[in-house]
Amino acid sequence: MKYRILHYGEEPLKKVSEPVKAIDNDLKVLIKDMFETMYAANGVGLAAPQIGKNIRVVVIDCGDDPIAMINPSIIKMTGKETAPEGCLSFPGLSENVQRATKVVAEYTDPEDGEVYEIEAEGLLARAIQHETDHLDGVVFVDRMSKARKLQIKNELEIIKQGGSLAEEEEEESPIEAK
């Protein structure tokens, strides 16, 4: 089942999520549905709060190996890079965000219930940081300067009202033949 992805400003996105205490069939179905929702929106990651479920679950697929993480936590971060980042809860918005270049994270695998450690860099490292932020009620614009947030205030308001910047751009800039 595909879920509606919450937009910036909706309350569940600002809440700290509860740890998952047990892996059951309902959780496995939710994870399957999260992947379906993420793929339908052309995303690389989705956190449970983005669909209104304040539990510590994320799904990520950067093109290599899809991964579902229960109760993920980043245990080591190294390096720094600033790169464009987007979010399914901010349709059409892309902004530069500083993140660690490499991370080591711990998580429980929903298939076997075992705790694993993953070392990641590049897009996967960025996705892990972005999605675990969601679990703590942090969205990527929270990582931007106050000045930059003021500059994009109108765009953020459009998203808060349920709009998409991608749709806005298409509507505002029709190409006319001469």
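I call a residue buried under 20% relative accessible area, exposed over 50% and partly exposed in between, with a 1.4 Å probe and protein chains only. This is a predicted model: local features need pLDDT of at least 70, side-chain atom pairs count only at pLDDT 80 or more, and totals for chains, interfaces and linings use all residues. Residues are numbered from 1 along each chain as its sequence is written, and side-chain values use heavy atoms, without hydrogens and water.

**Helix α2.** I looked up burial here. Helices (H or I, at least four residues) and strands (E, at least two) are DSSP runs, numbered from the N terminus. α2 is mostly covered, with 11 of its 14 residues buried. Among them are A125, I128 and L135. G137 follows α2, with a positive phi near 75 degrees.

**The sheet.** I traced 5 strands in an open, antiparallel sheet, ordered β1-β2-β3-β6-β7. Strands pair if DSSP finds at least two bridges between them. β1 (45-47) and β7 (115-121) are the edges, each pairing on one side only. I found 3 bridges from β1 to β2 (residues 57-60). G45 stands opposite I60 in β2.

**Packing.** I checked contacts, meaning heavy atoms within 4.5 Å. Axes are lines fitted to C-alpha atoms, for helices over the stretch in contact, and angles run from 0 to 180 degrees between N-to-C directions. α2 (residues 122-135) lies across β1, β2, β3, β6 (102-108) and β7, at about 125 degrees to β7.
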